[in-house]
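Please look over the model below with its pockets in mind. My notes follow it.

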Amino acid sequence: MKTLFSGYLLCGLLTFSLSASATQVSVSGFGFAGNFASAAERFPYTYKLFAQQKDSGQAAATFSYQVIQKARGIANPAFTFTPGDTVNLKNDTALMAVLMLTGETVAIDNHDTYHKTFINLRGDTLIFDYKNQAIIRSCPVNVVLFDATPQRPTDERITGFVNDLIRRDDANGLIAQSAQCLARATAPAYGAKTVQVRKGVVAPEALALFPEPLRRHPEAANAMLAGSLSSILSTKLGLSMLPDSIGHAIGGVMSMRLENGDDIKLKLPEGDYVFDVSLNKFAKIKTAGTNVSTTYVYGAYMSLDLTEPMLGTSYIHTDLKNGEVAVVPAGQVDGDDFAAYQDAVRGLFLKLSDSVEKPNSKWLATAASVKTIESQLASARETLGIKSK
């Protein structure tokens, strides 16, 4: 049994004004974050697929080809996305876009009569200036799969799952999410402030209810938590989020290898506003039961902070809780609660995002530990430039 994990990257936004007309961006495809020499160890299933595609000699079989194809026809008033990996170095800026894989987590748990497989792929859709080695836009992407089988899944089955999670056309596909990021990307204004989920921490009490392979690698659980919050803040609130950590950065410089073999290095300034999130504990409460099913509320309890490190200003400081209802069929094996707990985590982040946009949330009134939460969110809303609905 093996758990695969990887950290996140800390990237900055380039704070210059782009032209009022659409700026050309060359879409370069798919890449691996960090030192490529360790990519096969950090992303074994995705790397296996990459190697198979390379050996096939068919360009149309690669992840990069699908990323580029998805970019065709994207209507974005700020950017025109051009397929290919060439840029005009005569311009002041030479913009490129890439889907960069930052994390691959696979955990297999034995539940006596069956095996539960959990897969999480994390990445960032980057628009960066090749000449100045700076990122101007970053959008996190995050996909998850749960599967249960009587037999332990083979490597081939897991590889198939990973391939599907990357390629599928719906919102649960990594490449599809990346295309949505490009479609909603905006040009940064001069002096634009950057936002980042700086740290995610799963406390020991909560970690104890994660699958056994993840309990042995808490860094993967931490990255998953930060990635989930970052992805939802980006998708729901339209924030251009910096990647979540400096897991692949050395000395303020991030490196990545594109699928075509090019090595890229980018400067990584620190975020101006940062979120820190801690998953403190889970709870499972039985609320009803019949001969055919039992109803539970699965709860997640967290602490959340939003600060401006440079000035030491705190905008949000609170504990939060959220419960999600699940109906469990009679006779289902006990101990298979992880998916429901993850629903509670995701539900908390979604409801928090809704509360930022829509003041006087009934959920927030009971979910937050501080009475000043509405004023805190109002301050955060103004600071981050989020319009209320």
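Predicted model: local features only at pLDDT ≥ 70, side-chain atom pairs only at ≥ 80, totals over all residues.

1. Residues are numbered from 1 along each chain as its sequence is written, and side-chain values use heavy atoms, with hydrogens and water left out.

2. Lining the largest pocket are 27 residues, with Asn142, Val143, Val144, Gln177 and Arg346 nearest its centre. Elements giving two or more residues to this lining are strand E4 (115-129), strand E5 (134-149), helix H5 (174-184), helix H8 (218-237) and helix H9 (338-357). E5 supplies the largest share, 7 residues. Helices (H or I, at least four residues) and strands (E, at least two) are DSSP runs, numbered from the N terminus. A pocket here is an open set of points on a 1 Å grid over the protein atoms alone, where a 1.4 Å probe fits, with protein on both sides within 12 Å along at least five of seven lines; lining residues have an atom within 4 Å of a point.

3. The second largest pocket also has its lining residues counted: 27, of which Arg137, Thr186, Gly238, Leu239 and Ser240 lie nearest its centre. E4, E5, H5, H8 and helix H11 (373-384) each give two or more residues to that lining.

4. Ala344 sits in helix H9.
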